[in-house]
Amino acid sequence: MTSPSLPVDSLPMDSPAPDPWEELVTAALLGTDRRTPPGCPPGQEAPVALLDRAAVETVRRRAGLRPARAAERPRPAPEDPRPALPPAAARRLALLLADRPGAGGGRRGSTPDLMELLPQWLAAANERGFTPPAQALPALLDAARGRTDLRPAALTFAGPRAVWLARLNPDWRFALRTAPGGGTALPSLEDPQQVEQLWQEGLFAERVALLAAIRAREPSAARELLTTTWATERAEDRLMFLDSLRTGLGPQDEPFLEQALGDRSRNVRSTAAELLSALPGSALAARMAVRAGACVAVDHTGDAPTLTVEAPHECDAAMERDGVVAKAPAGRGERSWWFGQLVEAAPLGTWAGRLGGRTPEEIVALPVADDWQGELHAAWCRAAVRQRDATWARALLGSPAAPEAGGPGAVSLAERAKLLATLDVDERSEWVAGFIATHGLSEAFQLLGVCAVPWRGPLGRAVVDALNIARDAGSYPWSFSGVMGLAERCLDPSEAARLDGLLAIPDEPEDASPGATGYWAESFQRLVTTLRLRATMIAELDGREPPQG
Amino acid sequence: MTQQGVRWTADQVLALAPDAASRKAGSKLGAAGPWSEAGSSDEGTVWGLCKGSGSKPYQTVIDLADASGPAYKCSCPSRKFPCKHALGLLLLWAGGDGAVPDGQAPDWAEQWLAGRRQRAQEKRAAGPAGSSAAAADPEAARRRAERRALRVTAGATELEQRLADLLRGGLAGAEQAGYGLWEETAARMVDAQAPGLAARVRELGAIPASGPGWPVRLLEECALVHLLDQGWLGRERLPDELAETVRSRIGLPSSADGPPLRDRWLVLAQYDTADVKLTTRRIWLHGADSGRTALLLSYGAAGRAPELSLPVGLALDAEVAAYGGARQVRAVLGDQFAPPAPTTVRPPGVTTAEAAARYGEALRHDPWLDSVPVTLDRVVPVPDGDGWQLADADADSALPLAAAARSRPGLWRLVALSGGAPVTVFGECGHRGFTPLTAWAEGTGEAVRLW
């Protein structure tokens with residue numbers, strides 16, 4: 001008697017010596033009118049005889065099932081030395097991961113949006129160096145798959161077992177690419193031979209990860225490694241590799257970048273130029289400073305000193321080599337397009353010398369002739385962001401309480417958000433607090449997005465006060481849902497106590513939108529609930545009793 | 001045991017949810033914010049007031065000590081059962097962060113609890129009396145049973161005829177005939193009061209569209225229907241136990257008349273399968289002292305969760321009574337003597353070879369069995385082509401996972417839990433392969449649901 005392996009369905013139908021079962025199947029498929037199974041009487045009784053025999057065979061085959069040979073076992077997952085989560089925190093993680101978007105939906109009412117708290121929870125768990133329960137890894141990887149912004153923190157938390165798991169499931173392949181430091185796929189960076197081998201033979205994603213990992217530890221080693229194969233890389237790959245030099249960019253990179261300015265690929269050239277212009281001491285930066293300086297001058301002939309702009313008349317080959325894009329986008333004048341690029345790439349530190357020793361504040365305050373102010377200031381903003389120059393950023397931001405700061409001034413909100421990012425966290429949140437105190441919340445969303453979490457004291461107070469004012473003004477809370485959502489995630493949980501006064505439903509003012517006060521109370525309720533939940537989350541991770549409140 | 005000790009885990013609470021939307025809504029309410037005056041008692045009662053959109057908060061009470069699983073009461077208008085408030089309150093309680101302190105139940109909660117306990121007592125007192133009333137007219141009952149037997153016999157005979165016709169013309173024709181033929185035959189079996197036959201016939205209809213290898217499966221299932229027909233028609237000549245199995249497979253009513261067995265029952269697994277009309281919930285129990293395995297079934301009409309719900313990984317001190325029939329695992333839950341509590345009990349496991357042998361053994365008493373409940377000890381999930389196996393850690397043999405288990409997220413929880421190391425897995429082992437339901441990592445970790 002044969003002992004087929006599970007499952008029965010996969011039995012081959014065409015094995016050389018037909019066994020009785022296969023003859024039964026064939027007869028059943030064709031019908032007993034066409035074929036009489038062996039051992040069965042023909043005619044009326046044939047179907048019943050066939051079924052009798054098939055029943056015996058079926059039970060016999062099932063009863064005779066035996067285990068199959070084991071396939072090749074995967075290598076065990078590497079050990080994760082981190083300590084396990086405290087039990088309460090593990091339960092919280094399960095809850096946060098169960099709250100997937102798309103399940104349910106609809107109005108949020110007064111309950112917290114758990115998925116939005118996951119990033120914070122992950123950051124806090126990573127700070128404390130915990131390892132997740134193994135069974136939570138699939139949900140964690142699924143969450144990270146759907147949200148790229150979650151990936152770095154989720155994968156750090158998920159640890160080596162998640163990388164092990166991702167090798168078995170193509171859905172999670174992203175974890176192999178984005179795992180911090182390339183996960184366990186990377187060879188020891190101390191072993192030059194292994195590094196060399198992976199660099200020469202690895203897949204593109206592995207090579208990018210390798211280069212990034214080396215760059216993060218020893219910038220010049222990464223550049224030297226890249227130099228060894230630079231000439232033979234494909235243009236798209238050169239671009240990606242060049243991009244990884246952003247990390248740890250320094251003056252030592254200049255010769256290599258300068259050489260890349262002569263690259264065959266235009267994208268590689270312009271990236272090299274951009275990187276060079278972020279190095280104020282580079283030769284390219286000096287060339288750009290000369291070009292940009294030639295375009296801007298102080299005119300003393302009028303009542304007050306005024307900046308005049310004479311945009312370049314042509315974009316010559318040398319400018320193009322330094323990364324200036326000659327062709328202007330549709331709708332923009334060529335000369336102002338070239339001018340903007342020159343100023344953006346010129347080191348900001350050279351302007352003081354060019355413009356009569358003035359400070360950045362004084363330079364920004366100078367009137368600009370002939371409607372060039374917008375172009376000039378926008379270019380300076382880009383330069384301040386690229387060169388991470390806090391002094392200039394401060395000057396360009398101006399005072400948060402200035403009336404034009406709230407309007408569509410020369411500097412857009414998006415640019416201001418970028419400028420703020422160059423300041424240190426305290427200065428940033430103070431500036432935004434000042435802005436909100438003067439201009440309210442309607443324009444503040446982008447600016448709040450760049451502030452450090454949790455919001456520092458003055459900023460948190462400014463936001464709560466502004467929400468309170470907005471409520472009293474009688475509009476609906478969903479006009480502020482963006483800021484509300486941010487506040488839930490970013491306010492310091494200790495602010496919850498100060499919010500209690502806002503939870504009551506006050507009498508509806510006469511000019512208020514109908515029902516608005518109720519919705520506001522609900523929104524504040526959600527805000528407070530979320531803040532308490534965040535405090536509880538942190539307490540759980542610390543293995544403490546949660547704060548009572 | 002301290003009050004803190006009997007609290008459930010969030011997973012166990014979420015397993016009570018009737019659907020995914022409730023799970024999500026309940027998770028959101030599992031934070032202290034909307035709750036006030038929440039509390040719990042040692043008897044397994046949890047209560048609280050939940051602020052909703054209205055001015056009056058909802059009153060939510062849960063009785064975890066009830067004999068037939070947790071009972072819920074909430075003043076909200078939701079028809080979900082349990083509602084999101086009950087789930088949220090249980091989650092808050094499970095969180096154990098002081099938001100649900102021990103205390104004395106408020107009046108509104110106490111009233112409901114007292115009412116329930118009184119009704120339960122009345123029912124218990126009335127129980128024996130009620131059954132004697134049903135048996136009052138044995139003569140009428142016998143006549144009813146005879147009439148039904150005649151109908152079933154007519155149905156089985158007709159079904160035999162249809163199977164013979166099918167085999168005479170060939171199964172290849174069944175692919176073209178489609179679903180309609182089988183639906184009609186199934187309806188005839190319903191008329192014949194043989195629901196077990198009707199269900200099997202309906203499944204036959206789905207086989208031709210079930211992918212490669214369908215002729216083999218169709219012949220197998222036709223043969224097993226034939227075997228059941230013949231079993232019924234020749235039941236007089238069968239041994240008593242087998243005849244009882246035939247009767248229950250045909251779908252005749254049987255009752256859980258086995259003696260109640262009190263034990264610490266570990267809840268091994270709970271999972272639902274649904275078709276258009278009915279949600280079927282299967283709950284597997286393992287008796288810590290008796291070593292018995294029991295299956296509780298609970299049904300819910302379309303879209304509603306079955307009422308009975310037990311937390312996987314916890315143990316309950318309760319009585320369980322088995323149904324009649326050969327080696328029946330099916331049972332009903334009787335009195336519960338304490339709320340479900342955490343336990344370190346794990347079911348004893350076997351090797352893959354022993355598991356396969358156990359299925360073969362069970363077929364002697366019930367040839368229609370698709371699978372048997374088995375705990376595999378020290379097995380490793382191993383990828384095998386498109387599928388997966390559970391391979392013995394200490395031997396070179398393996399059971400393939402059933403095709404349906406491959407596409408379920410639980411597979412990945414199992415793989416993650418193992419990480420290439422041996423785990424203990426409870427599941428169903430049969431001719432389709434092994435369906436994992438619950439797993440435990442080596443050491444002292446809690447039960448991980450895989451369904």
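## Exercises on a two-chain predicted model

In chain B, the centres of domain 3 and domain 4 of chain B, taken over C-alpha atoms, are separated by 20 Å, where the domain bounds come from an automatic or database domain assignment. This is a predicted model, in which local features need pLDDT of at least 70, side-chain atom pairs count only at pLDDT 80 or more, and totals for chains, interfaces and linings use all residues. Residues are numbered from 1 along each chain as its sequence is written, while chains are lettered from A and ligands numbered from 1 in the order in which they are written.

**Exercise 1.** Describe the contact between domain 3 and domain 4 of chain B.

*Solution.* Begin with the bounds, which are 261-342 for domain 3 of chain B and 352-449 for domain 4 of chain B. Next, take the contact itself, in which 10 residues of domain 3 of chain B meet 10 residues of domain 4 of chain B, two residues being in contact if their C-beta atoms, placed from the backbone, lie within 7 Å. On the side of domain 3 of chain B that touches domain 4 of chain B, the largest share, 3 residues, comes from strand β5 (residues 261-274) of chain B. Helices (H or I, at least four residues) and strands (E, at least two) are DSSP runs, numbered from the N terminus.

**Exercise 2.** Work out how the open sheet β1-β2-β3-β4 of chain B is arranged.

*Solution.* The 4 strands follow the order β1-β2-β3-β4 (chain B) with antiparallel pairing, and two strands pair if DSSP finds at least two bridges between them. The edge strands, β1 (35-41) and β4 (71-74) of chain B, each pair on one side only. Within this sheet, strand β3 (residues 58-63) of chain B and β4(B) run antiparallel and are joined by 4 bridges, and Thr60(B) has Cys74(B) in β4(B) as its bridge partner.

**Exercise 3.** Characterise the contact between chain A and chain B, and locate the strand pairing across it.

*Solution.* Chain A gives 67 residues to the contact and chain B gives 76 residues. On the side of chain A that touches chain B, α2(A) supplies the largest share, 10 residues. By class, this side of chain A has 40 nonpolar, 14 polar and 13 charged residues, with Ala, Val, Leu, Ile, Met, Phe, Trp, Tyr, Cys and Pro counted as nonpolar, Asp, Glu, Lys and Arg as charged, and the others, Gly among them, as polar. Finally, β1(A) pairs with strand β13 (residues 397-400) of chain B in the antiparallel sense over 2 bridges, and Arg69(A) stands opposite Ser397(B) in β13(B).
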